[in-house]
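Okay, I'll keep this short and go through it piece by piece. Have a look at the model first, then we'll talk.

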Amino acid sequence: MAKVTRLYPAALISAGGERASVSLEWAEMKKGQILLEAYVLICDFDPIGEVPLNRVELRFETKEKLFEAMNEISHLLKS
């Protein structure tokens with residue numbers, strides 16, 4: 001975890017033939033216009049300010065499972 005420079009939740013969507021990671025709030029607002037593929041926890045390892053080339057995306061089927069994982073990570077960081 002010490003090498004992670006950015007860690008944030010997102011929604012993986014399809015719209016107009018394109019796939020993208022968007023904020024959870026935006027996905028909720030547009031839910032009738034997009035296809036939600038998964039919820040993701042994005043971990044970037046590149047220095048802030050650089051294009052994130054070293055990225056890991058952890059996928060979850062539900063927002064609840066995403067939040068459970070975020071809670072577990074929070075507890076690990078506090079330890």
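So, Lys 31: at 56% relative accessibility, this one counts as exposed, where exposed means over 50% relative accessible area, buried means under 20%, and partly exposed is in between, with a 1.4 Å probe and protein chains only. Before I go on, this is a predicted model, so local features need pLDDT of at least 70 and side-chain atom pairs count only at pLDDT 80 or more, while totals for chains, interfaces and linings use all residues. Residues are numbered from 1 along each chain as its sequence is written, and side-chain values use heavy atoms, with hydrogens and water left out.

Who does Lys 31 pair with? Its side chain meets that of Glu 28 in a salt bridge, at 3.0 Å from N to O. By salt bridge I mean a side-chain nitrogen of Lys or Arg within 4 Å of a carboxyl oxygen of Asp or Glu. Glu 28 is partly exposed, at 39%. Glu 28 also has a salt bridge with Lys 63, at 3.9 Å, N to O. Helices here are DSSP runs of H or I with at least four residues, strands are runs of E with at least two, and both are numbered from the N terminus. Lys 63 is partly exposed too, with a relative accessible area of 25%.

How many salt bridges does the structure hold? There are 5. Another of them joins the side chains of Arg 6 and Asp 44, at 3.0 Å, N to O. Again the pair links distant parts of the chain, with Arg 6 in strand S1 (residues 6-15) and Asp 44 in strand S3 (residues 35-44), 38 residues apart. Asp 44 is buried, at 1% relative accessible area. Through shared partners, salt bridges tie Arg 6, Asp 44 and Arg 55 into one network.

Okay, back to H2. This helix has 16 residues and reaches 23 Å from its first C-alpha to its last, close to the 22 Å expected at 1.5 Å a residue; the expected span is 1.5 Å times one less than the number of residues. Which of its residues are buried? Leu 66, Ala 69 and Ile 73 are. Looking down the axis of H2, the buried residues fall within an arc of 65°, so they line one face of the helix; that arc is taken from the directions from the helix axis to the C-beta atoms. On the other side of H2, Glu 64, Glu 72 and Lys 78 are exposed. The cover over the buried residues includes S1, H1, S3 and strand S4 (55-60).

Staying with S4, Arg 59 is placed in that strand. Setting aside neighbours within four places in sequence, Arg 59 is in contact with Leu 12, Arg 19, Ala 38, Tyr 39 and Val 40, contact being heavy atoms within 4.5 Å. Arg 19 also turns up around Ser 14, in strand S1: Ser 14 touches Arg 19, Ile 34, Leu 35 and Glu 37, not counting residues up to four places away. Ser 14 counts as buried, at 19% relative accessibility.

Last stop, Phe 45: this residue is in the loop between S3 and S4, and is partly exposed at 35%.
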